[in-house]
Amino acid sequence: MRLGLSSAAAVDADVDALLAACARRGLAVLELRDEDAHGVSDAASAATAAVLAADFGVAIGSFRVSGALTTAKVADVCAKLEAPALIAHGSLAERIATARGLGDSGAGALVEVSGAAESWLGAIAGADTDVAWQIDDAVSDMAGDLRRAMRAIPERLRYVRLLGGGPEAAMADGRGIGALMGQLALGRFGGPLVVAPSSPRYRVAWENWLGRRGGWGCGSKAERDVVQLSPATMER
C-alpha cells in the first residue's frame with residue numbers, strides 16, 4: 001500500500017510544487033484533479049509531469065476527471081502520465097459507461113464511488129470495472145464496509161480516497177489514517193491510499209502541513225528524497 005496526496009490539498013500549486021510537497025511528507029503517490037491549477041491538461045504537459053514525477057520518485061496515482069475534458073483528451077493525458085483516469089462525474093451508471101469507453105480506447109480507468117458500501121455495492125458488483133472508494137463522513141462502519149467490498153468485488157477495489165486525515169486528524173477534526181491502513185492491510189489491499197481535504201475551510205491547514213511558506217516555488221534537489229512512509233507521518 002502506498003500513501004498519496006490529492007492536488008485538492010493545494011489547488012493553486014503547480015505539479016512541481018505538489019511533487020516536492022509529496023517528497024517532503026514522504027508520500028509516494030500524487031493524484032491530479034482536472035479542475036486544479038497544476039498545469040497538466042494535455043498530452044504535452046502530462047509528458048512533462050511524468051518526467052518530473054520520476055525525478056522526484058513519486059508516482060502519479062490517477063488523473064481525476066470532473067467532466068471538463070473530452071474522453072479523447074483524458075485518454076491522451078492518462079497515457080502520458082501512465083496513470084488511470086478516475087471518473088468522478090455523472091451518475092454511477094454514466095461513470096461505469098465512461099470507464100468502459102476509456103478501457104476500449106486502451107486507457108485505464110477507475111469508477112469513483114463514495115459513502116457507505118450499501119449505497120453503491122449493488123450497482124457496481126458485476127460491472128466489471130475497477131473501483132476507487134472515497135471514504136467520507138457517511139462511512140460509519142469502515143471495517144464492515146471494507147469486508148463487504150472485498151467479498152463483493154474482489155480484485156476490483158484498486159484505489160481509496162480518504163477525505164480528512166493529514167492536518168485534520170492532527171486537529172482532531174478528521175479521521176485518523178492509522179486504523180484505516182490497518183484494516184486495508186488486513187483486507188490485502190495493495191493500491192494507493194490518497195488523502196484529500198474534507199472541506200475547503202481546511203485549506204490553510206493543509207498548505208501549512210505541506211510546507212508552504214510564503215509561496216510554493218519550485219522543488220529543490222534537496223527536497224527530492226522521499227522519506228520513510230508511516231501512518232505517524234500522515235497524522236503529525
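Colleague: What should I know about the model before we start?

Modeller: It is predicted, so local features need pLDDT of at least 70 and side-chain atom pairs count only at pLDDT 80 or more, while totals for chains, interfaces and linings use all residues. Residues are numbered from 1 along each chain as its sequence is written, and side-chain values use heavy atoms, with hydrogens and water left out.

Colleague: How many residues of strand E2 are buried?

Modeller: 5 of the 5 residues of E2 (residues 29-33) are buried, so this strand is largely enclosed by the rest of the structure. Buried means under 20% relative accessible area (1.4 Å probe, protein chains only). Strands are DSSP runs of at least two residues (E), and helices of at least four (H or I), numbered from the N terminus.

Colleague: Which residues point which way from E2?

Modeller: Val 29, Glu 31 and Arg 33 point one way, and Leu 30 and Leu 32 the other way. In a regular strand the side chains alternate between the two faces of the sheet.

Colleague: Which residue in E3 is the bridge partner of Leu 32?

Modeller: That partner is Phe 63. E2 and E3 (residues 59-65) run parallel, joined by 5 bridges; strands pair if DSSP finds at least two bridges between them.

Colleague: Changing topic, where is Asp 145?

Modeller: Asp 145 belongs to helix H6 (residues 142-152) and is buried, with a relative accessible area of 4%.

Colleague: What lies 3.0 Å from a polar atom of its side chain?

Modeller: The backbone nitrogen of Ala 117 does.

Technical notes:
Buried < 20%, exposed > 50% of the residue type's maximum accessible area, 1.4 Å probe, protein only. Polar contact = N/O pair within 3.5 Å; in protein donor to acceptor, adjacent residues only side chain to side chain.
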